[in-house]
Amino acid sequence: MAMSGEGDFKDFGPLVGAIDQGTSSSRFLLFASKTAELLAFHQVEVNSVYPKEGWVEQDPKEILSSVYQCMEQTLHSCKDLKINPADIKAVGITNQRETTVVWDKVTGEPLHNAIIWLDTRTKSTVDHFEANTPEKTREHVRALCGLPINTYFSAVKLKWLIDNVEAVKKAVEEDRCLFGTVDSWLIWNLTGGKKGGLHITDITNASRTMLLNLKTQAWDPYLCEFFSIPMSVLPTVKSSSEIYGKLVDGPLSGVPISGCLGDQQAALVGQLCFNQGDAKNTYGTGCFLLYNTGQEVVLSQNGLLTTVAYKLGPDQPTVYALEGSVAITGAAVKWLRDNLNMISTASEIETLAASVETSGGVYFVPAFSGLFAPYWQTDARGVIIGLTQFTNKAHLARATLEATCFQTREIYQLKDRHTPRKELFNVPRLTVAFVRPTMPETTSLGAAMAAGMAKGVEVWTVHTEDKSQVNTDIFEPAVNTQAFKFDPHTSTVSDK
C-alpha cells in the first residue's frame, strides 16, 4: 500500500469533505474522489425549540458549533483509519433549505434564533401579501420565482423578523444586518466571520427564498420591493461549484470551500440525476421529489414548485427542476417515538408495522406544519381516521409509514405531462421500478462532487451518462394494483 505524506497513511487519493447541516443533525463526511467511497464521518444532533404552537427555531451558534465538532471528530478519527488530512483538497456544503438566519456583521452574533423551514408563524404575513396582490392569490409571484407565497419560504420569515424583532429592525436601519439561509451563515463564519467572512449563497438555496428571479438568476428588484426586503441584507449569489473562499482556522485551515447545494438539490446531484426527466425522492424530516427539467424553466399548473436544480460552475448552464415537497414524513415517526412513546427508537417502527397485514382501515394525514405540495394549505392540521376498537399501535405505525407512500404517490402522479420520465429514485407504492443507492449518503455525496469538480480543485470527474458511479439496488413493484386504489384528484384511497 502506497504512503501519502509523513506517517503510516493509506493512499486513498484526493479526498473531499462534505458538511451536511440538516434539520435534525449536522455531519461532516470524507469521500475518496476517485471512488466516491465514504471513508469517515461524524454526526451531532441539533436541538429544535418550539416557543409557540407552529413555531420552530434553532440556535444558529449551536448549528455552527455542531459543524465544527463534526469536523474535529471526523479528523480525529482519521488517525485510526490511517487517513492523511493533508489529502483533503476541498470541502462542500449542503444544508436545510429555507431556514432563515439573521446576524450582525459587526459583532458576528445572531440577531434571533434561526426560523426553521417548518415554522408556520408567518401565516398572517402570507395572508397580508396575498390580500395585497391584484388577483388576491398566492400565485402572484410564481411566474418570477417559481414559488407560491407560503410560510415555507425565506422571504416571509425575514419580513416577519424585520417587523417583529426590534434588534433585527435596528440592525437593518444601521446597515449591520446580514440575512442568509444556513449555507450563508456557515460560509460567512468558516471564512472569517466578522473578520472578513464572505457573505454568499449558492443559486439553489437562493431559489428557495422567493426573491430570486429564475430567468435572470439574480435577486429581483420587484420581488424584494413586494416583500419589503432591503437588498443590502442579501448575500451574493454564486454557482453551486466554484471556489468561494478558504477555511480560516482549525485543522483544515487553507482548504477551499468550493461546493454548495441545498440538501434536496445535492441529493439530485449525488444520485446522478443529470438527464432531463430523471427524478429522485429522498426522505428525512420530510420528503422531496425532484424532476430534472433541463435548462427550461417549467412552471407547474398543479401545485409543484419550480426550482434551480444545480449550476455546476460559473460558466456552466443552469439546470432546473420541478419539486413536490412533503413537510412531514420521518418527523411523523419521531412524533410516534417522542410524543406518543409508542416506540423507543425510530427503527422499531418497521417491525411494529410489519406485524399487521394492513393498517386496519386507519389513515394518517400528518399535516403538523400544514400541507405542502400540491395543496399549500398552511392552516391544515393532522388527522387520523378509521379508528375502531380493533385498532392497535401496530395499525397506527403502519398508517404512519403508508402516509409517506400516499403523499409521495400523489406528488409523483402530479408531474407535468411534458416532463419525460426516465428513472425514479426511491419512490415506494408506485407501479414503476425504483432505484435505491446502496450507499445512503447521496446528499453529502452531491456536495462533495460539486466541491471536487470545481475549477481550481478538479479532483472529481463526473460522467453524466455513467450511472455505475453509484451502486444501486433496483426494486420492482409488488403491490396488487387492483387491491389498492388511489385517486390523486380527490385524494381518496380505497382498499378492495
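Predicted model: local features only at pLDDT ≥ 70, side-chain atom pairs only at ≥ 80, totals over all residues.

In general, side chains of opposite charge can pair when their charged atoms come close.

A search of the whole structure finds 22 salt bridges, and I shall present two further examples. In one, the side chains of arginine 398 and glutamate 402 meet at 3.3 Å, N to O. These two residues are separated by about one helical turn, because they are four residues apart in helix α12, residues 393-413. Arginine 398 is partly exposed, with a relative accessible area of 22%, whereas glutamate 402 counts as buried at 10%. Besides such pairs, there is a network: salt bridges that share partners join Arg97, Glu98, Arg208, Asp263 and Glu323.

The other example joins arginine 142 to glutamate 139, with 2.4 Å from N to O. Which of these two is buried? Arginine 142 is, with a relative accessible area of 7%; glutamate 139, at 39% relative accessibility, counts as partly exposed.

I now move to the aromatic residues. The count comes to 21 aromatic pairs. Tryptophan 103 and tryptophan 185 make up one of them, in an edge-to-face arrangement with 5.2 Å centre to centre and 65° between the planes. Tryptophan 103 lies in strand β6 (residues 101-104) and tryptophan 185 in helix α6 (residues 182-190), so this pair ties together parts that are 82 residues apart in sequence. Both are buried: tryptophan 103 has a relative accessible area of 0%, and tryptophan 185 has one of 1%. Elsewhere, Trp117, Tyr152, Phe153, Phe288, Phe372 and Trp376 form one aromatic cluster.

The largest nonpolar core holds 134 residues, of which Ile19, Val168, Leu186, Phe227, Leu252 and Tyr310 touch the most other members. Helix α1, residues 60-81, gives the most to this core, contributing seven residues. A second, separate core has eleven residues, including Leu336, Val356, Ala394 and Leu396.

What does leucine 252 contact, leaving aside its neighbours within four places in sequence? Its contacts are Phe28, Met71, Leu75, Ile88, Val91 and Leu247.

Helix α13, residues 442-452, also deserves mention here. This helix is mostly covered, with eleven of its eleven residues buried. Among them are Thr442, Leu445, Met449 and Gly452.

Finally, let us consider the surface. A nonpolar patch is formed there by Val365, Val383 and Ile385, which together have about 220 Å² of accessible area. Valine 365 belongs to strand β19, residues 363-365. This valine counts as partly exposed because its relative accessibility is 37%.

Thank you for your attention.

Note on methods. Residues numbered from 1 in each chain as written. Heavy atoms only, no water. Core = buried A, V, L, I, M, F, W, Y, C linked by side-chain atoms within 4.5 Å. Buried < 20%, exposed > 50% of the residue type's maximum accessible area, 1.4 Å probe, protein only. Contact = heavy atoms within 4.5 Å. Patch = residues over 30% accessible without salt bridge, like charges linked within 9 Å, V, L, I, M, F, W, Y side chains within 5 Å. Areas by Shrake-Rupley, 256 points an atom, 1.4 Å probe, with all protein chains shown as cover. Salt bridge = Lys/Arg side-chain N within 4 Å of Asp/Glu carboxyl O. Phe/Tyr/Trp six-rings, centres within 6.5 Å; stacked < 30°, edge-to-face > 60°.
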